[in-house]
Amino acid sequence: MRRSGLLNPALTSAVARLGHTDTFVIADCGLPIPHAVPVIDLTLTFGIPTFADTLAALLDEVVVEAATIADTTPPEVRCLLPAVPLTEVSHDDLKREVARASFVVRTGSTTPFANVILRSGVPF
């Protein structure tokens, strides 16, 4: 049993496999995900887990060098990434970029456009 950090075995394994510049997505419960992209589905009910809680847990575990958000991303999501360089794209472009991600973490968030593509960095 882990003492702290991520407890979900699928999520822990996926994070451990990330390399520099690999991308992964934290998504609301409505984002369409291509069939070829692995999904780690954390949804329990609408709103659980929250996007903010999921993002905070992953930011504690992963070095993130950049993020991509849609130009429609709400301010309450943007403010959760104050230290991460952001690139804005259209929502349609963001959905196309999801197809290149290593995995998607689906949350219970019902906040429209609460989706972010995170690019893994290195700690050195």
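Reply: A residue is called buried when its relative accessible area is under 20%, exposed when over 50%, and partly exposed in between, using a 1.4 Å probe and protein chains only. Helices (H or I, at least four residues) and strands (E, at least two) are DSSP runs, numbered from the N terminus. This is a predicted model, in which local features need pLDDT of at least 70 and side-chain atom pairs count only at pLDDT 80 or more, while totals for chains, interfaces and linings use all residues. Residues are numbered from 1 along each chain as its sequence is written, and side-chain values use heavy atoms, with hydrogens and water left out.

In helix 4, which runs over residues 91-98, the buried residues are His91, Leu94 and Val98. They lie on the same side of helix 4, because they cover an arc of only 55° around the axis, the arc being that of the directions from the helix axis to the C-beta atoms. An α-helix has 3.6 residues a turn, so residues three or four places apart point the same way. Taking contact to mean heavy atoms within 4.5 Å, the buried residues of helix 4 pack against strand 1 (23-27), strand 3 (64-70), strand 4 (86-89), strand 5 (104-106) and strand 6 (116-120).

Turning to the loops, Phe113, between strand 5 and strand 6, has a positive phi of about 65° although it is not a glycine, and Phe113 is partly exposed, with a relative accessible area of 33%. In the loop between helix 1 (9-16) and strand 1, Thr21, also not a glycine, has a positive phi of about 75°.
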